[in-house]
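Me: Please take a close look at one part of this model, namely a salt bridge and the residues connected with it. Which residues take part, and where do they lie?

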Amino acid sequence: RDVCIATSLITKYAKCGMHEKALEIFNQLPVRNTVTWNALLCGYAQNGLGEEALKCLRLMRDAGVCPDEVTYTCTLKACGLLGSLEIGEEIDVEIREQGLLHDDIMLGNALVEMYSRCGALVKAEEVFEELPEKTVVSWSVLIAGYTQVGLADKALKCFLQMKDAGVCPNAVTYIAILKACVIMQSVEIGQDIDAEVREQGLLEKNVILGNALVWMYSECGAPEAARDVFESLPLRDTVSWNALVAGHIQNGLCDEA
């Protein structure tokens with residue numbers, strides 16, 4: 001009887017990865033609005049089920065329900081997961097026709113990320129330049145896009161431009177730029193990033209960032225520095241240990257490994 005309660009349940013189950021239960025509730029609803037469809041679609045996209053998210057969009061349209069900014073944001077995520085550039089470009093056209101790009105920064109960031117993930121960096125740059133406001137997310141997805149295709153020099157240039165613009169990097173930014181350091185085999189830049197991370201107290205808060213630092217030092221031939229970061233981690237998971245073991249082997253320290 002209450003669409004709001006039902007939608008909240010769909011959202012809860014979808015976020016918890018219980019998609020069959022979310023779909024079961026969804027199918028019982030006598031009326032389905034945009035918010036209801038979004039709850040199901042975004043649940044699929046957030047859990048890496050890109051195909052299901054795109055199928056959900058098609059069914060939503062067939063039912064005569066119009067997508068909104070949330071629909072487009074989640075659909076673009078699905079396109080990025082699947083590398084579906086053609087569908088992503090179609091969504092881009094719809095967004096521009098409705099004049100949404102300049103009204104919703106999250107939607108603009110989603111477009112940049114979609115193009116970056118699909119390897120269309122020129123398009124990602126074009127959308128990035130059009131954004132009325134460039135947040136840390138905007139910069140980070142572009143930097144990650146460059147490193148994904150091996151353009152480490154562009155990633156570093158973008159990182160420096162970001163700081164010049166007064167935007168403070170976050171853990172996601174640092175993880176992306178550490179990958180660029182590995183591509184360039186630049187332990188010096190990696191050390192600068194290490195210093196920034198420690199100054200901001202991020203090493204104690206983010207195990208993924210800590211693991212990225214261990215991996216960077218290992219890949220750049222600095223196993224002692226990798227060990228130093230490893231010892232600084234408040235939490236060490238399998239990835240932490242694997243990065244250190246692999247780093248020792250890569251640097252010929254088999255006994256230590």
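Reply: Arg96 forms a salt bridge with Asp92, with 2.7 Å between the closest N and O atoms; the term denotes a side-chain nitrogen of Lys or Arg within 4 Å of a carboxyl oxygen of Asp or Glu. The model is predicted, so local features need pLDDT of at least 70 and side-chain atom pairs count only at pLDDT 80 or more, while totals for chains, interfaces and linings use all residues. Residues are numbered from 1 along each chain as its sequence is written, and side-chain values use heavy atoms, leaving out hydrogens and water.

Both partners lie in helix H6 (residues 85–97), and because they are four residues apart, about one helical turn separates them. Helices here are DSSP runs of H or I with at least four residues, numbered from the N terminus. Asp92 is buried at 3% relative accessibility, whereas Arg96 is partly exposed at 36%; buried means under 20% relative accessible area, exposed over 50%, and partly exposed in between, with a 1.4 Å probe and protein chains only.

Arg96 also meets the side chain of Glu130 in a salt bridge, at 2.8 Å from N to O. This pair links distant parts of the chain, since Glu130 belongs to helix H8 (residues 121–130) and Arg96 to helix H6, 34 residues apart. Glu130 is partly exposed, with 30% relative accessibility.

A further salt bridge pairs Lys163 with Glu196 at 2.5 Å, N to O. Lys163 lies in helix H10 (residues 152–164) and Glu196 in helix H12 (residues 187–199), so this contact ties together parts 33 residues apart in sequence. Through shared partners, salt bridges join Asp92, Arg96 and Glu130 into one network. The whole structure contains 11 salt bridges.

How values were computed:
Helices (H or I, at least four residues) and strands (E, at least two) are DSSP runs, numbered from the N terminus.
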